[in-house]
Amino acid sequence: MTEQRTESGTTTLWRPTGPEELALVEASGWTAWPPRLPEQPIFYPVLDEDYAVRIARDWNVPASGSGYVTRFEADTAFLARYPVRRAGGETILELWVPAEELAEFNRHIVGRIEVVREFHGRA
């Protein structure tokens with residue numbers, strides 16, 4: 001598995017996102033993910049940076065003009081409640097967090113959410 005656990009008891013997660021969601025993360029002070037929309041019952045951070053890059057570049061850019069890969073740390077013990085879901089190949093791994101649990105999930109983010117990659121469509 002590609003999950004990265006650190007000495008500090010946190011796990012590194014990535015989240016591919018578009019510009020609208022990223023603006024809401026920025027508005028939180030880079031500390032929380034926004035509530036899901038009614039058509040989004042699951043929040044899914046991913047466990048592999050390359051997978052996040054593929055989604056941001058290949059899905060977010062065509063859908064909204066830009067795609068961003070964010071990285072953040074979350075408390076490993078808390079994350080154990082969410083089974084790792086394989087959404088395709090060996091490294092296509094996600095955590096599925098029910099929308100109603102997102103506020104609690106956000107309380108277990110350690111540090112800030114940071115943008116590590118960005119992709120833009122042609123102007």
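Two strands are taken to pair if DSSP finds at least two bridges between them. Helices (H or I, at least four residues) and strands (E, at least two) are DSSP runs numbered from the N terminus. The model is predicted, so local features need pLDDT of at least 70 and side-chain atom pairs count only at pLDDT 80 or more, while totals for chains, interfaces and linings use all residues. Residues are numbered from 1 along each chain as its sequence is written, and side-chain values use heavy atoms, with hydrogens and water left out.

The protein chain holds four helices and eight strands, in the order β-β-α-β-α-β-α-β-β-β-α-β from the N terminus. Buried residues (under 20% relative accessible area, with exposed over 50% and partly exposed in between; 1.4 Å probe, protein chains only) account for 42% of its 123 residues.

Strand β2 (residues 10–17) pairs with β4 in the antiparallel sense over eight bridges, and here Leu 13 stands opposite Phe 72 in β4. Strand β8 (residues 109–120) also pairs with β4 in the antiparallel sense, over eight bridges; in this pairing Ser 66 stands opposite His 120 in β8.

Turning to contacts (heavy atoms within 4.5 Å), 77% of those between residues at least 6 apart in sequence join residues at least 24 apart. The C-alpha atoms fill a box of roughly 45 × 30 × 30 Å, taken along the principal axes.

Finally, Ile 42 lies in strand β3 (residues 42–43) and counts as partly exposed because its relative accessibility is 30%.
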